[in-house]
There are 2 protein chains.
Amino acid sequence: MSSPETYDIVIVGAGPVGLMLGTCLTRWGYRIKHIDNRPEPTATGRADGIQPRSLDLLRNMGLKRKVMEHDPAKVYEVAFWDPNSKGIHRTGTWASCPKFIDARYPFTTLLHQGLIERVFIEDIEKNGGKVQRPWTITGFKNDGVGSHPVEVDLEHVDGSQKETVRARYLFSGEGARSFVREKLGVNIRYKDPIAHVWGVMDGVVRTDFPDIKMKCTIHSDAGSIMVIPRENNMVRLYIQVASSTDPDWNPRKTSTAEEVQEHAKKILRPYTISWDRVEWFSVYPIGQGIAENYTLDERVFMGGDACHTHSPKAGQGMNTAFLDAVNLAWKIHHVEAGFAPRSILSTYESERKLIAENLLDFDARYAKLFSARIPSAGEVAGASTTSMEENDFIKTFKASCEFTSGYGVAYNPNTINWGPDHPAQHALILPYEKGTSLRTGRTLHPATVTRVVDANVVHLEQEIPLNGSYRLYIFGGVPSKTSTAIKDLATHLSNPSSFYSAFAHPSIPAVDRYHEPHNPHTDFLSLCTILNAPRAEIDINGMLPPIFSRYRDHVYADDVWDQRVPDAKAAAHAKMGLSEEDGAIVVVRPDGYVGVVVKLVEGGGTAEALNMYFQVVTGRRLGDERAAL
Amino acid sequence: MSSPETYDIVIVGAGPVGLMLGTCLTRWGYRIKHIDNRPEPTATGRADGIQPRSLDLLRNMGLKRKVMEHDPAKVYEVAFWDPNSKGIHRTGTWASCPKFIDARYPFTTLLHQGLIERVFIEDIEKNGGKVQRPWTITGFKNDGVGSHPVEVDLEHVDGSQKETVRARYLFSGEGARSFVREKLGVNIRYKDPIAHVWGVMDGVVRTDFPDIKMKCTIHSDAGSIMVIPRENNMVRLYIQVASSTDPDWNPRKTSTAEEVQEHAKKILRPYTISWDRVEWFSVYPIGQGIAENYTLDERVFMGGDACHTHSPKAGQGMNTAFLDAVNLAWKIHHVEAGFAPRSILSTYESERKLIAENLLDFDARYAKLFSARIPSAGEVAGASTTSMEENDFIKTFKASCEFTSGYGVAYNPNTINWGPDHPAQHALILPYEKGTSLRTGRTLHPATVTRVVDANVVHLEQEIPLNGSYRLYIFGGVPSKTSTAIKDLATHLSNPSSFYSAFAHPSIPAVDRYHEPHNPHTDFLSLCTILNAPRAEIDINGMLPPIFSRYRDHVYADDVWDQRVPDAKAAAHAKMGLSEEDGAIVVVRPDGYVGVVVKLVEGGGTAEALNMYFQVVTGRRLGDERAAL
């Protein structure tokens, strides 16, 4: 009998979490077995909200344009409707991503899950991968044997074919009913005892309700409804059919499309509504639960709905799934590429489970707002002005907006997110609000700069694609002032024992990387240099040492005015809270979260601090200059 | 013998001008015979520059995204290099579309013609049309007989098939060697006696020349070269091989790829350059000529290179072709739809020939700049600051930038572009700088506003797609102040004899236009209402009469701050130079050029002035309220 086929990873499930993971790892060259038990991608309905931070991520993968081709609906504001004597009236609106959040795309993008799935599937296929359908998983074990310790049994859903393969990793993106989770014996903990039965309907309507193209929360004496606009002139209605707080609570309670429509008609009075067509209708119970573990052995992982279930109202499901997958993808990549110790894999659960806990807390709060608290117009207006009076409700709203936009997602300090207890302690490391407004475990602020080589005005945070590499941003301050510091940094990074050089591509055999803009010298990192000078005055070869000028496509002039820092000369420096004169070095993780910020000074200190951080991150001894010489 | 097939139009040639015309007319429902004598679209090389105004147009057609999918190069700045003792040095750079031009996309987009052609061909096919290849025209005549007075003889290029068809119109987009032009006996007038032989080479290079990703004009003692970046990491070089001002001028002079490369190497010293691959190379003579007529009978038309040939340096060929086609397309549509008298067709030649004349003048000036005048860094710097000292050179540059960006294109007053000699004279018509900063025959200024129904932040100038309709912008000022004026306007427009009502869709048979956002009541016009109020305060049904609220997807809040009018409360009103309190009505032609601006006042005056204008435009008696009642 021949030995089983081997794969780097077996991915079970081709929903958002499985597809994001598969897309990343396929792009980065891994061999993947990807199965899904459905014969086709999602045809209609299901999750549909892409939050601002997720749109950043899709753009970073070059997939935003493909999503936008479908002309999704964009939600900029949420409207609140409350009962009055005539039926309902609008009490206020607020921004879904208010101005106090510095988002490049301050809106939620609504598009049905199937179209989004197809964008990923196309990308996987373009890169030589595929999703095998309809196949399912029937067994697995991690026997610890060899380089591919996980054995996985797969089967066509009709039982006609079976296959056993071996893999380095197994990932369950199976959704709420996860075979893998069950087999592992991992429990779902229900944090909030309140459960709900939801009715959801997508369709094309005729109505005189004025906010039908807005996201709306409508409370009336006849019940509550949530309205969400969709692509193709459709609208989604969410109606709570039953709640465990109801006196006659029954989790199996159901409702027909006609009943939901009649219910909606009553809620919307005095406005009228009728349906030209119904595209999708479903009634399903939702509990708010979270898996106790995301992995037991750091070989078999789970993510997405397999780990957390919650109500659909805040549109977080797909977004959480995306970010689960990206978080895991780069860590697996770094372990397999030799850039990180296996221990980094433990941060997948610790980072992502915290987010899921926050999501469930938020979901519970949101449910409470939805069903109980009705904000007054005055409170709502206050939330979008600067002179806001921060009562509890507005505070909750504000925190929620940050969270739902995806920018409030914050990873706690650990080995990769520097903090006061991090093993790397160096006087040049800049903590939050002491020399920088960046926070470790959060995304870089968006900033618009001018690319020097072609004078294109670009979004700095998007300049390095999602390539699995750390992102080293050299904010160079004023070149005449920092030229020695930059030269000294280059000198110390050129030392073979530095993090910069330790992972360099082998020079033999020589691969021609002349036209490679992002990873010319290593896959471990990509590098951007941002100088506080007008573009025309920046002479890349004259101002930068060769190891930095080699990244000539990633040299930027910080010369674009920004409304958020109107008095700054170098707006990108200013937005990051860095000295416009002296600059600093910002290390960003491959998934876009800040790892550490280090002062840029003359001498060896900057390189030393960076080496200390990367020594912890990579598990390698770095920066011992004498040893290496 | 059966009678010949009939078409609305026969289009000969599937280059930019033919494809743009075919795309518009196919979308608007016309029956088209479209042939091209090449077996395939352009494979490589040829024209490639999309100017800012053309990009607006492509976006307005929903085609910009398709173009951008190919990741074209974007030129924001032009660099000038001059000889010095070491070889060459940069003397300065300037913006290709400087800030004094209010452009939504202030850059030139570079993509090879074949990819652009494919975008149009896909659109034509999506709408049920096709381009028949390789077929050619062998004869035609306008015998004035019947509804399809033009007989056209067509033939497969291998002579195997022939077909004679009849059409309402014939269009030649054949390029410089136009059978139709020759047959009509229309001469090309060579305005500038200087002719050139050009070498052009597309390829991937290795070089230490720092501006290889910029558009550059390089003068060295070894000759001159123009560098233009391209998609796929390519660069185009233009090298003048011979000029009629040379002592040994020979229009048949040629050059090999190797000779051009050697020449380029000498010009670029002290920098080095080598080619990884050459994608396309061609040497061709260029004369600067213009056809004496674009049509003789307003049945057989020509456009694009068939009417004007010039040097490729300013990248205007494709852009002029696009605008020729759009100009003709809507006029044919309006004649055939009964919206305009046939006499409107004469404005195609008068408007577009003037542009071609300007282009040739510009081309001659530009050639002179290219081969003679070398701007100093000081002059160049001056041109992009507000405190500019306007010497002759900067003036020329400034005028050129406006022209090359496409925003300097201005049509003279005629029946459709109101002016002091227009037959419609009414006290409420606002001339340029007397109540508006808009100029007839020029495009609307770009303005960002909030769409009321969905709170989306949108580009007002893009909100009505290129649908062949006039665009009526009701800048409504402050609603509390203008409510009576708006109501009065609605009352008068509701009169059956108004331009608004005269072309209304017949009410029987009733077609369901509930979901039609742009043309719910007529194909003659689309309508936008822009109010000086925060979005949340705009109650569409409460504030607007039904004939305006019917266009509910086109109601906007003028509440987005604009850096160009930082003190304005209603930036869109302010940018158009209109009263932020009182507003005004702006009529824009279907191709995006302002037709007339009329004050918004209480009573019947506003409608009266608009009816006077449209009476001239449409050739119908309009606005005679008593007659109609």
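Predicted model: local features only at pLDDT ≥ 70, side-chain atom pairs only at ≥ 80, totals over all residues.
**Conventions.** I number residues from 1 along each chain as its sequence is written, and chains are lettered from A and ligands numbered from 1 in the order in which they are written. For local features I require pLDDT of at least 70, side-chain atom pairs count only at pLDDT 80 or more, and totals for chains, interfaces and linings use all residues.

**Symmetry.** I laid chain A on chain B by a turn of 180° and a shift of 0.0 Å along the axis, with an RMSD of 0.0 Å. This is the relation of a two-fold axis. The superposition is by least squares on the C-alpha atoms of residues with pLDDT of at least 70 in both copies. I then looked for the residue of chain A that comes closest to the rotation axis and found Arg65(A), its C-alpha at 3.8 Å.

**Contact between the chains.** I counted residues as in contact if their C-beta atoms, placed from the backbone, lie within 7 Å. Chain A gives 22 residues to the contact and chain B gives 23 residues.

**Chain A overall.** I found 17 helices and 24 strands in chain A; helices (H or I, at least four residues) and strands (E, at least two) are DSSP runs, numbered from the N terminus. The C-alpha atoms of chain A fill a box of roughly 80 × 75 × 40 Å along the principal axes. Of its 629 residues, 51% count as buried, that is, with 20 or more other C-beta atoms within 10 Å of their own, C-beta atoms being placed from the backbone.

**Helix H4 of chain B.** I followed H4(B) over residues 113-126 and found a reach of 20 Å from first C-alpha to last, close to the 20 Å expected at 1.5 Å a residue; the expected span is 1.5 Å times one less than the number of residues. Its buried residues include Ile116(B), Val119(B), Phe120(B) and Ile124(B). The buried residues of H4(B) pack against H1 (16-27), H3 (64-68) and H7 (317-336) of chain B. After H4(B) comes Gly128(B), with a positive phi near 90°.

Strands pair if DSSP finds at least two bridges between them. I found 2 bridges joining S3(A) to S7(A), and Ile50(A) opposite Thr109(A) in S7(A).

Key:
Contact = placed C-beta atoms within 7 Å. Buried ≥ 20, exposed ≤ 12 C-beta atoms within 10 Å, placed from the backbone.
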